[in-house]
Amino acid sequence: MDRKKLIHTAPCPGCNATRGHATEAAQVYECGGCGAIYGSCYQGEASKFYTPVWHEGETRNVQDERYVDLTILSSAGVRRFHGWIHRDSKRITQTG
Ligand SMILES: [Zn+2]
């Protein structure tokens, strides 16, 4: 049974839904509509959501992917990662 509670969130950059789930990072949400991961977090937290290497192998099924849009804070400054990752490997399938 999925006991994750839906909460009100900022609009999802993927589908504009405003309901989602809290994640391990205080300001990152998982969209209740499309499963996108978005928000802002520290560098160390970003690795919980995606792995910054390319996914290997075929990904032709949209259900296997999720959109990610993170503003990442680190000692080097602020950067943004947005693109698509594979749900299982968390590796990047497409950027931008
Ligand atoms: Zn969404």
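Cys12 sits in the loop that links β1 (7-8) to β2 (19-22). Strands here are DSSP runs of E, at least two residues long, numbered from the N terminus. This is a predicted model: local features need pLDDT of at least 70, side-chain atom pairs count only at pLDDT 80 or more, and totals for chains, interfaces and linings use all residues. Residues are numbered from 1 along each chain as its sequence is written.

Cys12 counts as buried because it has 23 C-beta neighbours inside 10 Å. The cut-offs are 20 or more other C-beta atoms within 10 Å for buried, 12 or fewer for exposed, and partly exposed in between, with C-beta atoms placed from the backbone. Glu56 is 44 residues from Cys12 along the chain, and their C-alpha atoms are 27 Å apart.

Contacts here mean C-beta atoms, placed from the backbone, within 7 Å. The table leaves out neighbours within four places in sequence.

| Residue | In contact with |
|---|---|
| Cys12 | Ala17, Gly20, Cys31, Gly33, Cys34, Ala36, Tyr38 |
| Tyr38 | Cys12, Pro13, Val28, Tyr29, Asp69, Leu70 |

Tyr38 is also among the residues with the most contacts inside the largest nonpolar core, which has 15 residues. Such a core is a set of buried Ala, Val, Leu, Ile, Met, Phe, Trp, Tyr and Cys residues joined through C-beta atoms within 7 Å. β3 (28-31), β4 (37-42), β6 (65-74) and β7 (77-86) each give two or more residues to this core.

The open sheet has 8 strands in the order β1-β2-β3-β4-β6-β7-β8-β5, with mixed pairing. Its edge strands, β1 and β5 (51-54), each pair on one side only. Pairing requires at least two DSSP bridges between two strands. β5 pairs with β8 (residues 91-95) in the parallel sense over 2 bridges. Trp54 stands opposite Ile92 in β8.

Conventions
Helix = DSSP H or I, 4+ residues; strand = E, 2+ residues; numbered from the N terminus. Contact = placed C-beta atoms within 7 Å.
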